[in-house]
Amino acid sequence: MSEREKDSARTNPPRRRSHLVRADVLSRRTLSTGVVELALRTHPPVDAAPGQFVEVDCRPAGVLLRRPFSVSGAGPGGSLTLVVRAVGPGTTWLAERGPGDSLDLLAPCGKARRLEVRGKRLLLVGGGIGTPPLYRFAEAHRAEAATVELLAGAATGEEVRGYLAAAPDGIVTHAASEDGGEGLCGLVTAALEARLKEVLFEKETPLVVTCGPEAMLGCVAELCRAHDVECRVLLEALMACGTGLCRGCAVPASDGGYLLVCQDGPLFDARELAWPLPPTPRPVRFEVESTPPAPEESLKTRLGPLTLDTPILVASGTAGYGPELDRLGGLEGVGAVVTKTVTREPREGNPPPRVAETPAGMLNSIGLANVGLERFLAEVLPETLALGLPVVVNVGGSTEEEYVEVAGRLAAAKGISALELNVSCPNVSRGGLQFGTEPEGLYKLTHRVKEVARDLPLFVKLTPNVTDVTSPAGAALEGGADGLTLINTLLGMVVDVGRSRPVFGRGVGGLSGPAVRPVAVRMVAQVRAAFPDAPIIGTGGIEDWHDAAEHIIAGANAVSLGTVNFYSPDAARGIALGLRRLLARHGMTGIGELTGSLKI
């Protein structure tokens, strides 16, 4: 065996095979706001080395991928400890588990690496939720190391105290908090710099192991390089598998190429990595909950010719004609109501079944069921206008003449604020989608409708079922549209396996919900880049303020809430508040500053 192979064998023990195991929750302890410690018993027993992690199935929370969690403690008989910070739906669900609950784990994951610590001062440097994974190193190496010290930092003193409460007994601890609530007022890296100088002055040999946000890790690595100190970094990453199947958790290597966090790590020598590391995309929401919201006036929105109190609309077909959602308390925070599609004649809609649930979304085949133009003008419109909000009427038709007739009649009615042209519905046999996919026909239709709409603002709702969305967008704007709505539903199909037939009578339906959000955001960004001055309403997969912010940053002047109205009819209120908090967090005075702020 070569010296290199011998060295590798010393530092890289044989890989433990990952297994699917069941873990029973033995206890749950709250460490600080949103942070809990879970004690588990695994079946069969899992032996996790320092730095290794487990992949937890959080699908009961509605998330698709397993979530990786570093092991903060391990004992005999397969006992494991995880520290969980509730941020997104997956971590929130996990943080709520307690005695009697069971978890589905893939464990242990990652490479087990030994540390040469004999006679050295082991300095463990943790940032936020990156602190608990370091406890295993303290437990495993306290007998060999000359001394073990934990330097823990977080945004608040409360959070730091919580982490320290879960730390192993018998180790020296140093705290740092950005709010000054515990220990040093400032960053944990400042505490490390001071401690390194003291240790080196005393002629001791330190070894630093650190875990936390990438920016903090980069700072720690640089401090260690400057002082010629050994540094190991424990990386956390978003990963689809945790076992090397997807190769998605790549980080740049110092000698070129990439290393995988799940296979080559997660513990690395800092010299193995190319700094600075790219920020890790995580299923973590940008936090604004503790930020006092900006004034309500900050949400005032210019949407082409319209001025709205908030940039939040309700999407056509998902809120009735407005009063239906109002009866559920769903109009608080809404800046304008978009009605169900109105056609010249009443429509019964498609035969049932009309809806089918899919992972992260739903398919619908409603078929533009509506009361028809005459009844809408006589009975429905007065009730909708009585809501006191701007009213946008969605217009549908089977032919150009029908669109033009309906738009002309609506333009003559009093009180309507704008029209939205539905040229993108996939659930009807004639009209709808055919106009939205043919730029020449869309230009002609938009031009004719705008002529009869006159001064009434006209928005065109575009289909995502095209190769290049900028082509119909340009046709609509050239035809006279005052703005665009992006996007309508994606074409999809659900099959009844027992009958070998589509669930819907028409075969296909329109896919909506969180599954379509990345597509919608991409198309909003594309159209914004192609048409910098076009007013855009972004819609597709918006569940909360964070989703709305994605659309707005990508280029939407306003957003429309759709499928979320079915299961969270009061979503607009929370979205409005969250956007105000986000503006305050960024120091912005108005929502317009956020619009189109995407950096590519």
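The pairing of β13 (residues 230-234) with β16 is antiparallel and spans 3 bridges, and within it Val233 stands opposite Phe268 of β16.

Another open sheet of 7 strands is arranged as β4-β3-β7-β1-β2-β6-β5, with antiparallel pairing. Its edges are β4 (67-70) and β5 (73-75), each with a single partner strand, so one side of each is left without a neighbour in the sheet. Neighbouring strands of this sheet are turned by 35° against each other on average, direction ignored. β3 (residues 53-56) pairs with β4 in the antiparallel sense over 4 bridges, and Glu55 has Pro68 in β4 as its bridge partner.

Helix α4 (residues 157-165) lies across β1 (19-32), β2 (35-43) and β6 (79-85), at about 125° to β1. Its residues Gly157, Glu159, Val160, Gly162 and Tyr163 are buried, where buried means under 20% relative accessible area, exposed over 50% and partly exposed in between, with a 1.4 Å probe and protein chains only. The cover over these buried residues includes β1, β2, β6, α3 (135-141), β9 (147-154) and β10 (172-177).

## Two helix pairs

The axes of helix α14 (residues 517-530) and helix α15 (residues 545-554) come within 8 Å and cross at roughly 20°. That makes α14 roughly parallel to α15, a term for angles under 35 degrees, as against roughly antiparallel over 145, roughly perpendicular from 65 to 115 and oblique for the rest. Arg517, Ala520, Val521, Val524, Ala525 and Arg528 in α14 meet Asp547, Glu550, His551 and Ala554 in α15. The residues of this contact comprise 5 nonpolar, 1 polar and 4 charged, with Ala, Val, Leu, Ile, Met, Phe, Trp, Tyr, Cys and Pro counted as nonpolar, Asp, Glu, Lys and Arg as charged, and the others, Gly among them, as polar.

Helices α12 (residues 439-453) and α13 (residues 470-478) pack at an angle of about 25°, with their axes 7 Å apart, which makes α12 roughly parallel to α13. Pro439, Leu442, Tyr443 and Thr446 in α12 meet Ser471, Pro472, Ala475, Ala476 and Glu478 in α13, and by class this contact has 6 nonpolar, 2 polar and 1 charged residues.

## The loop residue Lys414

Lys414 lies in the loop between α10 (400-412) and β24 (418-422), and at 74% relative accessibility Lys414 counts as exposed. Leaving aside neighbours within four places in sequence, Lys414 is in contact with Leu381 and Leu385. Lys414 and Val524 are 110 residues apart in sequence and 32 Å apart in space, C-alpha to C-alpha.

## Basis of the values

Residues are numbered from 1 along each chain as its sequence is written, and side-chain values use heavy atoms, leaving out hydrogens and water. Because the model is predicted, local features need pLDDT of at least 70 and side-chain atom pairs count only at pLDDT 80 or more, whereas totals for chains, interfaces and linings use all residues.

Definitions and conventions. Pairing = 2+ DSSP bridges. Axes fitted to C-alpha atoms, helices over the stretch in contact; angles between N-to-C directions. Contact = heavy atoms within 4.5 Å.
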